[in-house]
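Here's a quick briefing to read with the model open beside you.

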Amino acid sequence: MVTSLNWREAEELVRRARDRKWQIELLAVSVPSRHPLSMSTLTHAERTELLRVIDESASVFKRRVYFERLRHFLISGRISMIRSCTTGQEGVFVNSDGEIWVCAHRGDTSLGNIRDVSLPELLAGKGALLARRPAGPCASTGCLSLT
């Protein structure tokens, strides 16, 4: 995950990937745009530098869609809309207190705490929540999950 604090490490990461003939995915951290880790807090010069790094390293990126969405954000400073949030469908968000949520932005009820909930309980709770309100386009929240 690329954040406003670790974006400078991307160049070393892609260099190592290229040296080892690996393919990688660089994903911007999925936090609201006002969050200190959000890449929205990068200056124009910082976004330009990261854009240079990824443009010079396009061959190491596993999925072109992630590469293009990250490029779009770095160039425009805007998040492109997505039709369906696979992050909300395939993963969960765990906050620093251990509370589990379908997404950091949805405002749904907690699925429990990572210390207390079993995997079957988590999956059942998430399934029930998504059945009531499926994950969908949510770029207006400032989410930078590039799914």
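**The big picture**

Of the contacts in the protein with a separation of 6 or more, 62% are between residues 24 or more positions apart (a contact being heavy atoms within 4.5 Å). Keep in mind that this is a predicted model, where local features need pLDDT of at least 70, side-chain atom pairs count only at pLDDT 80 or more, and totals for chains, interfaces and linings use all residues. Residues are numbered from 1 along each chain as its sequence is written, and side-chain values use heavy atoms, with hydrogens and water left out.

**Layout**

- The protein has five helices and three strands; these are DSSP runs numbered from the N terminus, with helices being H or I of at least four residues and strands E of at least two.
- Reading from the N terminus, the elements go α-α-α-α-β-β-β-α.
- Of the 147 residues in the protein, 39% are buried (buried is under 20% relative accessible area, exposed over 50%, partly exposed in between, with a 1.4 Å probe and protein chains only).

- Which residues of H1 are buried? In this helix, residues 10-20, they are Ala-10, Val-14 and Ala-17.
- These residues sit on the same side of H1, because they cover an arc of only 60° around the axis (the arc is taken from the directions from the helix axis to the C-beta atoms).
- Helix H2 (44-56) is among the things covering the buried residues of H1.
- Arg-20 is placed over the face of Trp-22, 5.3 Å from the ring centre; for a charge to sit over a ring, NZ of Lys or CZ of Arg must be within 6 Å of the ring centre and within 35 degrees of the ring normal.

**Salt bridges**

- Side chains of opposite charge can pair when their charged atoms come close.
- The structure has eight salt bridges (a side-chain nitrogen of Lys or Arg within 4 Å of a carboxyl oxygen of Asp or Glu).
- One of them joins Glu-46 and Arg-8, at 3.1 Å from N to O. That pair links distant parts of the chain, with Glu-46 in helix H2 and Arg-8 in the segment before H1, 38 residues apart.
- Arg-8 counts as exposed, at 55% relative accessibility.
- Another salt bridge is between Glu-11 and Arg-52, at 3.2 Å from N to O. Glu-11 lies in H1 and Arg-52 in H2, so this pair ties together parts 41 residues apart in sequence.
- Both ends are partly exposed: Glu-11 at 37% relative accessibility, and Arg-52 with a relative accessible area of 28%.
- Glu-11 and Arg-52 also belong to a salt-bridge network that includes Glu-49 and Glu-56.
- Arg-15 is partly exposed at 34%, and Asp-19 is partly exposed at 49%.

**The sheet**

- Three strands make an open sheet in the order S1-S2-S3, with antiparallel pairing; two strands pair if DSSP finds at least two bridges between them.
- Why does one side of S1 and of S3 lack a neighbour in the sheet? S1 (93-94) and S3 (112-113) stand at the edges, each with a single partner strand.
- S1 and S2 (residues 99-101) are joined by two bridges, and Phe-93 has Trp-101 in S2 as its bridge partner.
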